[in-house]
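Here is my notebook page for this one. I looked up a few sites and then the nonpolar packing.

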Amino acid sequence: MTPIDLNADLGEGFGRWRLTDDEQLLSVVTSANVACGFHAGDAATMRRVCELAAERGVRIGAQVSYRDLAGFGRRAMDVPPDELAAEVAYQIGALEVFARAAGSRVAYVKPHGALYNRVVHDEEQAAAVVDGVVLAGAGSGAGRLPVLGLPSSRFLKVAERAGLPVVTEAFADRAYTEEGTLVPRAQEGSVITEAETVVERSLGLARFGVVTSHSGERVPVRARSLCLHGDTPGAVDLARLVRARLESSGVRVEAFA
């Protein structure tokens, strides 16, 4: 059985405000998608999360976003490709400083929010993100950083053509369409909160590579990493439950990077 990575969006605070329980989630997940200051996060938060992740052996990933702090990176934006590539590289570079200071490194890149959804279908924006990842890797000496994204997305296809390692991702707590994409958050029922349902979906994704869509269809979703959202009520307890059930069912939980 293929191992499964557990990732979560962390460092999603700003100043005195904190959204995610980073310390507790870092005791469960194997990869941490750290906000790089454009949708959430600040220098002190990035440093703290990198230190905690390095202490626990959790891989550090740069969660890059449109520059939309007020909208938490979830608002649609039109950013020129050259500008977007530079901003992606900028975010990765900022996190790399704190990761290396903690004795680790940025091990992969994952888009956030509106940017994540945009690059599923938009090849131009996907190419801009890939250009930014390539630029950041060359500038830091990290080489070709893996990227994390939705299976069959334009983003992963463009990244693969550019020679970047690609890693497929699934979401147990998000509703899926019949095409294997995520139901928009604005739509009712897009986020699944019932714990046992999330656990069962996690098992289905990890063991069989399938998920039930919003309309009841069984959809193939082959993923190496499973995202556990850290900004939902009871996120820590749910993450622990998911990991415990996966491991008790014979699924090996380990980082992909």
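**Entry 1: His-112**

I started with His-112, which is buried at a relative accessible area of 3% (buried is under 20%, exposed over 50%, partly exposed in between, with a 1.4 Å probe and protein chains only). Before going on, I noted that this is a predicted model, where local features need pLDDT of at least 70, side-chain atom pairs count only at pLDDT 80 or more, and totals for chains, interfaces and linings use all residues. I also noted that residues are numbered from 1 along each chain as its sequence is written, and that side-chain values use heavy atoms, with hydrogens and water left out.

I found His-112 in the loop between strand 6 (106-111) and helix 4 (113-121); helices (H or I, at least four residues) and strands (E, at least two) are DSSP runs numbered from the N terminus. A polar atom of its side chain lies 2.9 Å from the backbone oxygen of Phe-72. Beyond four places in sequence, the contacts of His-112 include Asp-9, Glu-12, His-39 and Arg-74 (contact means heavy atoms within 4.5 Å).

**Entry 2: Asp-231**

Next I checked Asp-231, which counts as partly exposed because its relative accessibility is 22%. Asp-231 sits in the loop between strand 11 (225-227) and helix 8 (235-248). Among the residues it touches, leaving out those up to four places away, I listed Glu-12, Phe-72 and Arg-74.

**Entry 3: the core**

Last, I looked at the largest nonpolar core, which has 75 residues (buried Ala, Val, Leu, Ile, Met, Phe, Trp, Tyr and Cys joined through side-chain atoms within 4.5 Å). Helix 3 (residues 81-101) gives the largest share of this core, 7 residues.

Note on methods
Polar contact = N/O pair within 3.5 Å; in protein donor to acceptor, adjacent residues only side chain to side chain.
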